[in-house]
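Hi,

Here is the structure I promised to pass on to you. Have a look at it first, and then read on for what turned up.

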Amino acid sequence: MNQKIWSSDAVLQQDLERIASSEMIDWEKMRGKTVLVTGATGLIGGMFAKALVCASVQRDLKLRVLAAVRNEEKARRELGIFLENGMELLVCDILSPIHVEEPVDYILHGASMTASKDFVERPVETILTALHGTENLLELAREKNVESMVYLSSMEAYGVVDPEHYNVKEKDYGYIDPLQVRSSYSESKRMAEGLCGAYAHEYGVPVKTARLAQTFGAGISRSENRVFAQFARSIMEGSDIVLHTDGSKAHCYCYTTDAVLGLLTILLRGVPGEAYNVSNEDTFGTIREMAEMLVEKYPESGSRLVFDIPEDANKFGYAPTSRMLVNSEKLRALGWQAQIRLPEMFERLMGTMQSWKRQ
């Protein structure tokens, strides 16, 4: 296998090599293929696209990776070395029909509104990006007669589930109030999933849905402000971890490499029209328990857990308090297995954040 330095971030380098060397994936199915990735400057889409390039070089797969992006300058800055090794930019807006001259064999559709604050401040854009963007990608998949397509959905598509039945499989659905502004994200994911199912049924498009638990790891944006990044920064800076809720929300997480390997498994082995959970069940716990774990694991930081709960927490765009263990049994049956547990997830996350200081 060919070895190449992809990043000055040692954690990201290791993660890309781990994906590329994984025997979980039948890489030969992708030899000489063209893969289109939307959201290629985001965390998951970006990691997916980079890992494909890394695997192509290591295994001499001669893959073409088309990275669909809106901001060409940002993409060239973030994807530079990968653009020299088989990745090409497709500058486009997924809200308009997408034109690609060459054949496309596989599609990963990861472009989406992802900031919680946007869900409450720009709910219309949140919904329309999901619906029209997914429609345009499905039309492209139909036109190109692709071998497979994966749509990145979210565990939020389940809504608020019965706390007595919190172990959630793909056919279990909870309650979503469509008139609550924060529901713009979860409802848009459900609607887009429905569109995928309709295209699979009516037009035979081989599209599968991946419902991801919250995913983090090497490759996160420096501006990332979700709870895992806030907690990691607090530990690294020796400041208190501040919760703006009671921390009782409980769910699962997934490390970036495990998520990418899960998406590749669904892409190559999943059943069209089906949904698959992508989650590490061993990480299940409350946000408060996660914060307490970090305070205990890093006593030298001096960080404490404190609460500062505002009267109106809705303005922050937090998801409704719920208890949900996202069950990945269906994906494991395809040969996938999550490997990185929560303490190591944070170790690796903070390792990549430390590398920023050296750049």
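This is a predicted model: local features need pLDDT of at least 70, side-chain atom pairs count only at pLDDT 80 or more; totals for chains, interfaces and linings use all residues.

Let me start with strand β4 (residues 106-109), which is covered on both faces. Tyr106 and Leu108 are buried on one side, and Ile107 and His109 are buried on the other.

What does β4 pair with? Strand β1 (residues 34-38) is joined to β4 by four bridges, and the two run parallel. If you want a place to look, threonine 38 has histidine 109 in β4 as its bridge partner. Four bridges also join β4 to β5, again running parallel, and here leucine 108 stands opposite valine 150 in β5.

Now zoom out to the whole sheet. It is an open one, made of seven strands in the order β3-β2-β1-β4-β5-β7-β11, with parallel pairing. Because β3 (87-91) and β11 (275-278) each have a single partner strand, they stand at the edges, and one side of each is left without a neighbour in the sheet. On average, neighbouring strands here are turned by 20° against each other, direction ignored.

At the β3 end, strand β2 (residues 64-69) pairs with β3 in the parallel sense over five bridges. Valine 69 has valine 91 in β3 as its bridge partner. Helix α3 (residues 72-83) packs on this sheet and touches β2 and β3, and its direction makes about 165° with that of β3.

There is another sheet to find. This open sheet has three strands in the order β8-β10-β12, and its pairing is mixed. The edge strands are β8 (214-216) and β12 (280-286); each has a single partner strand, so one side of each is left without a neighbour in the sheet. Neighbouring strands of this sheet are turned by 40° against each other on average, direction ignored. Between β8 and strand β10 (residues 250-255) there are three bridges, and these two strands run parallel. Glutamine 214 has tyrosine 253 in β10 as its bridge partner. Helix α8 packs on the sheet, touching β8 and β10, with its direction at about 80° to that of β10.

That helix leads on to α2. Helix α2 (residues 43-59) has 17 residues and spans 24 Å from its first C-alpha to its last, close to the 24 Å expected at 1.5 Å a residue. Is α2 buried or exposed? Since 17 of the 17 residues of α2 are buried, the helix is largely enclosed by the rest of the structure.

How do α2 and α8 sit against each other? Helix α8 covers residues 256-269, and it packs with α2 at an angle of about 70°, the axes being 10 Å apart. That makes α2 roughly perpendicular to α8. On the α2 side the contact involves Leu43, Ile44, Met47, Phe48, Ala51 and Leu52, which meet Thr256, Thr257, Val260, Leu263, Leu264 and Leu267 in α8.

One more helix is worth a stop. Helix α6 (residues 183-203) has 21 residues and reaches 29 Å from its first C-alpha to its last, close to the 30 Å expected at 1.5 Å a residue. Its buried residues include Tyr185, Glu187, Lys189, Glu193, Cys196 and Tyr199. Among the elements covering the buried residues of α6 are α4 (116-121), α5 (123-144), β5 (148-154) and β7 (207-212). Glycine 204 follows α6, and its phi is positive, near 70°.

Last, the cysteines. How many disulfides does the structure hold? The count is zero. Take cysteine 252: its closest cysteine sulfur is that of cysteine 254, 9.4 Å away, which is too far for a bond. For scale, a disulfide here is a pair of cysteine sulfur atoms within 2.5 Å. Cysteine 252 counts as buried because its relative accessibility is 0%. Cysteine 254 is also at 0% relative accessibility, so it counts as buried too.

Over to you, and happy browsing!

How values were computed
Residues are numbered from 1 along each chain as its sequence is written. Side-chain values use heavy atoms; hydrogens and water are left out. The expected span of a helix is 1.5 Å times one less than its number of residues. Buried means under 20% relative accessible area, exposed over 50%, partly exposed in between (1.4 Å probe, protein chains only). Two strands pair if DSSP finds at least two bridges between them. Axes are lines fitted to C-alpha atoms, for helices over the stretch in contact, and angles run from 0 to 180 degrees between N-to-C directions. Contact means heavy atoms within 4.5 Å. Angles under 35 degrees count as roughly parallel, over 145 as roughly antiparallel, 65 to 115 as roughly perpendicular and the rest as oblique.
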